[in-house]
Amino acid sequence: MKVAVLDDYQSVAADMADWSSLPAGIEVTYFSDHLSDEDALAERLADFDIVMGMRERTPFPRPLLERLPALRCLITTGGGNASFDLAAATDLGITVCATPGAGEGPTELTWGLILGILRQIPQEDRATREDGKWGIHVGASLQSKTLALLGLGHIGSLVARVGNAFGMRIIAWSQNLTAERAAECGATLVDKETLFADGDIVSVHVRLSDRTRGLVGAHEIGLMKPSAILVNISRGPIVDETALIDALQRRAIGGAALDVFDVEPLPANHPFLTLDNTLITPHVGYVTDDGYRAFYSGVVENIRAFASGEPVRVINPGVLEAPNLRGPAV
């Protein structure tokens, strides 16, 4: 049985779990480079029985899955993966399973980005190291500012807790948010327009879905204060990238701190990379030692179980009744 571990950007997967515990005869190949071309990806993965995808780094839509006849099991790190076509996998008899996670990396990165852009930390670091300058910016403070949260789920509620500790005013909105839930998180429920108009920091914490794709568009960005900062560690397509770039280029808002993008990895000529009012990280909200160890250990657990015919953490349960189920190799 052949296993492909994709998008091992930091080349650490082999050290993050006990791969030697897998049954004899299982061959694991780690790929640190990213392939976005479907033809190249189909050629690379043609002979693999099991493929592990790290979060949404490599999508698996129906056309790609149909070109992988050897594929029996597709594993995503974390509890789900919006870029895996679960219906197609079920139709093709491919088992899709998930792993546990660990830690609160996205929450922590949110505050790292907020503090980094408000206090101009990257610029101060570069100026001190490279230019010999000692203090070039006057930073903004958080106390008494308004933190506007688009979403108050698990991550949003933790971000709110930290904002309260900083003495900020917390407001929130999402399509299903209630006043009671907002109050539980130390926030005040407002309407969508007020969220964007009043926020000094507007931070996105909703899942990507058909309802949330493009949820932050030109209208919403146009409501923001000239000094306001937009933060997105959720998923790129929630924010209209073209509208955000236009606002940043015109300096209609104060800046943007971004960990997620429409296309990842971010193309080398992307406007975000040349704007001086952006702070950019390469989708590393979940990339922590604790998180990776939980992810990769879960992958090993799923491979071991699938290879031996034991139950796995299936997220497309319909596949278990599919007449064309591609079962484990024996």
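The crossing of α4 and α6 is right-handed, meaning that the near helix is turned clockwise from the far one by less than a right angle. The contact (heavy atoms within 4.5 Å) is formed by Pro106, Thr107, Thr110 and Trp111 on the α4 side and by Ile155, Leu158, Val159, Val162 and Gly163 on the α6 side. This is a predicted model, in which local features need pLDDT of at least 70 and side-chain atom pairs count only at pLDDT 80 or more, while totals for chains, interfaces and linings use all residues. Residues are numbered from 1 along each chain as its sequence is written, and side-chain values use heavy atoms, with hydrogens and water left out.

Helix α4 covers residues 105–118, and because its 14 residues at 1.5 Å each should span 20 Å, the 20 Å between its end C-alpha atoms agrees. Of these 14 residues, 10 are buried, so α4 is largely enclosed by the rest of the structure, where buried means under 20% relative accessible area with a 1.4 Å probe, protein chains only. Among the buried residues of α4 are Thr107, Thr110 and Trp111. Just after α4, Gln120 adopts a positive phi of about 55°.

Helices (H or I, at least four residues) and strands (E, at least two) are DSSP runs, numbered from the N terminus.

Notes:
The expected span of a helix is 1.5 Å times one less than its number of residues. Buried means under 20% relative accessible area, exposed over 50%, partly exposed in between (1.4 Å probe, protein chains only).
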